[in-house]
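Here is a short note for a colleague opening this structure for the opening look. The points below can be read in order, with the structure alongside.

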Amino acid sequence: MRHEDGSKIASPEQMQTWMKQTMDWIGSISAQNKFVSGTGLPFADARVVKTTSTGKVVTNGPFGDIKETIGGFITVKADSVEEAVEFAKGCPVLQGEGNSMEIRKVAKK
Amino acid sequence: MNQQEIIPHLFRTEFRKITTVLCKSFGNAFNGIEIAEDIASETFLSAIETWTYKGIPENPTAWLYAVAKNKAKNYITRNQLSTNKIATELKQSSPTTHEIEIDLSEKNITDSQLQMLFAVCHPTISPEAQIGLALRILCGFGIDEIANALLSNKETINKRLFRAKEKLRLENVKIEFPGEAEIDNRLETVLTTLYLLFSEGYYSESNDTVVREDLCMEAMRLTYLLIENDQTNQPNVNALLALMCFQSSRFEARKNSNGEMILYDDQDETLWNDELISKGAYFLHKAAHGNKLSKYHLEASIAYWYTIKEDTKEKWESILQLYNQLLQLEYSPVAALNRTYALSKANGKAQAIIEAEKLQLTSNHFYFTLLGELYKGINDVKAKENFTKALSIAKTQADKQTILKKLDRF
């Protein structure tokens, strides 16, 4: 789940609606026995570590010059990338302008 | 109570205690289980014989314990004599006799039952075998009662129990409390078995209401045994007992006098047992500790909401979210179907139909019953089609009757 701007602050009512939609979305994937794991990644207490000419620099938050930040991830059991895409289409994050979902395979162990 | 009533009653309550304590006295493992069962049975035979002539003693339980102790001591002496005799002849050594203490105090009975519960619910034997052994050793069920309760026959049950005991002997499973490090894992297996035992009673197709209620009561009694002990009085155990209380509160209302199922919506809620509902609430409250949310917490919370008959937005939204969480923790087709039903109540039928179609549980008649329910009033032709499909794959008479009634309503 990629958010275009993580610094936007939503109202409590808006947060509650998103929360319910997200839970229903994950519930739907789980009801099809396709859910593995997942978590949201809160923006609070986030840090960025970068190497600069003066050494390693730590800054607050993943924001600033980075355009997109990761808001969370979910691992599903999909038979194909198409199926995974269908799951992704249902994610409420996509209601936010500029947000996107990125679908990736988990490397086999 | 007269003699005809008191002996079966005492058999149900005391047989398991005597068997468990004796088995433990005979070496802490399953080597002596058959002998323990035999002595316990013989004790009851003596009671039938003696009490018929002399009347019921003042303290029948104490009488049984005294007789059982004597029989056990006789057995030990006889056994030691013969083994010692052989030993003496072989080694010319002096025989050693050690007195075995048979402690039938309340404390030792409770401890032994708890240790036996852990031993019987051992991961080396199958859940079916665990349930069978628990019913036999810890609930004092006869073989035909077990067969009746588990919809099987005597021969199968006998074989199953025999193999299970053999396996426990072979693995040298001790009748003891598990160590600190493994208690959580072992407790998990015990809870699964108690949960299955309860479900066996609750969902059994057996028409024998007494047997079904007995299974549920026994499962609850054994769960309570865990709650009474500090080490096993854990949040998930309390949550499981809460679940059992909530479920069994509807026992009276679930079947009519012909033994036919009455669906939740059609149940007369004045038949729901308020005492069990408040007990459930008490244990669910006690379960709200620690940082581990078990599936029993979620299922008990769902069962709690079902004790409120009135349809409210809050009720169905809560049930939906609990099922969402439950399914993430552990998938099951039943939970997936129930979740979809809750979804229809919380978010509307249109969304629920789309979600239901994704489940594709096409070998499950409940799947088609759910689709039928969802299409009802939206597309009655499709509703009927789905109920008819459900009818064609339903296996039990009770399920078929329920579906037929739904079809009749069109």
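1. A cut-off comes first. A residue counts as buried if 20 or more other C-beta atoms lie within 10 Å of its own, as exposed if 12 or fewer do, and as partly exposed in between. Please keep in mind that this is a predicted model. Now take B:Gly372. Is B:Gly372 buried or exposed? It has 24 other C-beta atoms within 10 Å, so B:Gly372 is buried.

2. Where does B:Gly372 sit? Its place is in helix 17 of chain B, which covers residues 365–375. Neighbours within four places in sequence can be set aside. B:Gly372 is then in contact with B:Ala383, B:Asn386, B:Phe387, B:Ala390 and B:Lys406. B:Leu327 is 45 residues away from B:Gly372 along the chain, and their C-alpha atoms are separated by 23 Å.

3. Now chain B as a whole. Chain B has 19 helices and 0 strands. Its C-alpha trace spans about 90 × 50 × 35 Å along the principal axes. Of its 410 residues, 36% count as buried. Take the contacts in chain B with a separation of 6 or more: 61% of them are between residues 24 or more positions apart.

4. Helix 1 (residues 3–25) and helix 2 (residues 33–54) of chain B are a pair to look at. They pack at an angle of about 150°, and their axes are 9 Å apart. Helix 1 of chain B and helix 2 of chain B are therefore roughly antiparallel to each other. The crossing of helix 1 of chain B and helix 2 of chain B is right-handed. On the side of helix 1 of chain B, the contact is made by residues including B:Phe11, B:Phe15 and B:Ile18. Helix 2 of chain B brings residues including B:Ala40, B:Phe44 and B:Trp51. By class, the residues of this contact between helix 1 and helix 2 of chain B divide into 14 nonpolar, 4 polar and 1 charged.

5. A second pair in chain B is helix 5 (residues 127–138) with helix 8. Their packing angle is about 75°, with the axes 10 Å apart. That angle makes helix 5 of chain B roughly perpendicular to helix 8 of chain B. Which residues meet here? From helix 5 of chain B come B:Pro127, B:Gln130, B:Ile131 and B:Ala134. They meet B:Thr192, B:Thr193, B:Leu196, B:Leu197 and B:Glu200 in helix 8 of chain B. The contact of helix 5 with helix 8 of chain B has 5 nonpolar, 3 polar and 1 charged residues.

6. Next, chain A. It has 2 helices and 6 strands. Read along the sequence, the pattern of chain A is β-α-β-β-β-β-β-α. Chain A has 109 residues, and 12% of them count as buried. Of the contacts in chain A between residues at least 6 apart in sequence, 66% join residues at least 24 apart.

7. Look at strands 3 and 4 of chain A. Strand 3 covers residues 47–52 of chain A, and 6 bridges join it to strand 4 of chain A. These two strands run antiparallel. They form a hairpin, with 2 residues between strand 3 of chain A and strand 4 of chain A. A:Val48 has A:Thr59, in strand 4 of chain A, as its bridge partner. How many residues of strand 4 of chain A are buried? The count is 0 among the 6 residues of this strand (residues 55–60), which is hardly covered.

8. How do the chains meet? 12 residues of chain B are in contact with 10 residues of chain A. Helix 14 (313–329), helix 15 (333–347) and helix 16 (349–359) of chain B each supply at least two residues of the side that touches chain A. Helix 14 of chain B gives the most, with 5 residues. By class, the side of chain B that touches chain A has 5 nonpolar, 4 polar and 3 charged residues.

9. Two asparagines deserve a check of the backbone. A:Asn33 is not a glycine, yet it has a positive phi of about 60°. A:Asn33 lies in the loop between helix 1 (12–31) and strand 2 (35–40) of chain A. With 14 other C-beta atoms within 10 Å, A:Asn33 is partly exposed. B:Asn172 is not a glycine either, and has a positive phi of about 55°. B:Asn172 is found in the loop between helix 7 (154–170) and helix 8 (183–203) of chain B. B:Asn172 is exposed, with 9 other C-beta atoms within 10 Å.

Technical notes:
Residues numbered from 1 in each chain as written. Chains lettered and ligands numbered in written order. Predicted model: local features only at pLDDT ≥ 70, side-chain atom pairs only at ≥ 80, totals over all residues. Helix = DSSP H or I, 4+ residues; strand = E, 2+ residues; numbered from the N terminus. Contact = placed C-beta atoms within 7 Å. Pairing = 2+ DSSP bridges. Axes fitted to C-alpha atoms, helices over the stretch in contact; angles between N-to-C directions. Parallel < 35°, antiparallel > 145°, perpendicular 65-115°, else oblique. Left-handed = near helix turned anticlockwise from the far one by under 90°. Nonpolar A, V, L, I, M, F, W, Y, C, P; charged D, E, K, R; others polar.
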